[in-house]
Amino acid sequence: MDIINIILTILSIIVTFISILISIDQSNSCLSFILCGIIVIIEFITIILLIKQRKQYGLIVPKNGGIADFKLYKMFWKREIISKDLPNRQSLERGYLRVFGKDVERYQILLVDFVLKKNVKEVILAVDITTNPKRLLTRKEYHEKNREFIFADNVIKRVLIIDRKNLNDNIFINDLYEVIMLNKSIGVHISLITTDYLNSDQILDFIIYGNSVVITEGHQASENYETGDSQLWFLSDEIEKFKSLFKVIKERSDMYEQCDKFLKKCDIKEGKVINFKNEI
């Protein structure tokens, strides 16, 4: 039992004892008045301690003026702090939350669902460092949630960042082609750009969910999300920073039209790339 609970227990005993004294001796009005005053003071102290205890256990959502979407922030606070009492509580108080493994995929789906339920037209902006396009094909639940999001008259814009040298690998080319066509079939505005057209500080993996939150990837997740980590940013400044970065990356991809060039250079037979001219 922590110190606050001990104090509350002692105060409760004192209040009970004083209440008994008042009920026994009601003849001394002066004493009764003093004892009632003591009870009021104790109750005031008790309220302060209860508020402090609620804050200690994460029952009070901290006020952070930089939060972009307080409703979403409050939901994560209740979900992650009250239910799990995570050690990174101080991080969430500052407006960000680090997540690992399968939680990364779960939150990506949850965030699409959250933005979808706002019942206003929303835009999701995504940049994916695509080192293994086949891995993207395994995210079936995520793709279905994207399809649902777009079907509800929302927009997803995604840019795939690839290393040009991977265009010499037939397996990579076929998987990349499949990823692009999958996104097109869902209704995603899909773009492509090679790393040689970007600065090193622009080669980042992130998803911006409307004006609510941005999730940035740290270590890329494995196929089953057994490994990998990401960070959720609830701060308006961070969201705006990544929106500006997305704009630059998207403008570059539109300028060089590498996605269209890639598709035109693919000779397709029975849904497979049988020949590719690496000239994008």
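This is a predicted model: local features need pLDDT of at least 70, side-chain atom pairs count only at pLDDT 80 or more; totals for chains, interfaces and linings use all residues.
Biologist: What describes a pair of aromatic rings?

Modeller: Two values do: how far apart the ring centres are, and the angle between the planes. In this model, the count of aromatic pairs comes to eight.

Biologist: Is the pair of Tyr 96 and Trp 233 stacked, edge-to-face or tilted, and why?

Modeller: The centres of these two rings are 5.0 Å apart and the planes stand at 35°, so the pair is tilted. Stacked would need planes under 30 degrees apart, and edge-to-face over 60.

Biologist: Which parts of the chain does this pair tie together?

Modeller: Tyr 96 belongs to strand 1 (residues 96–100) and Trp 233 to strand 7 (residues 229–233), so the pair joins parts that are 137 residues apart in sequence.

Biologist: Are Tyr 96 and Trp 233 buried or partly exposed?

Modeller: Tyr 96 has a relative accessible area of 22% and is partly exposed. Trp 233 counts as buried, at 16%. The cut-off for buried is under 20%.

Biologist: How do the rings of Tyr 197 and Tyr 256 pair, and where are these residues?

Modeller: Their ring centres are 3.9 Å apart with the planes at 15°, so this pair is stacked. Tyr 197 is in the loop between strand 4 (189–194) and strand 5 (206–209), while Tyr 256 is in helix 9 (residues 236–256); the two are 59 residues apart. Tyr 197 is partly exposed, at 26% relative accessible area, and Tyr 256 is partly exposed at 27%.

Biologist: Which residues do ring pairs link into a cluster?

Modeller: The cluster consists of Phe 70, Tyr 73, Phe 76, Tyr 107 and Phe 234.

Notes. Residues are numbered from 1 along each chain as its sequence is written. Side-chain values use heavy atoms; hydrogens and water are left out. Rings of Phe, Tyr and Trp (its six-membered ring) pair if their centres lie within 6.5 Å; planes under 30 degrees apart count as stacked, over 60 as edge-to-face and the rest as tilted. Helices (H or I, at least four residues) and strands (E, at least two) are DSSP runs, numbered from the N terminus. Buried means under 20% relative accessible area, exposed over 50%, partly exposed in between (1.4 Å probe, protein chains only).
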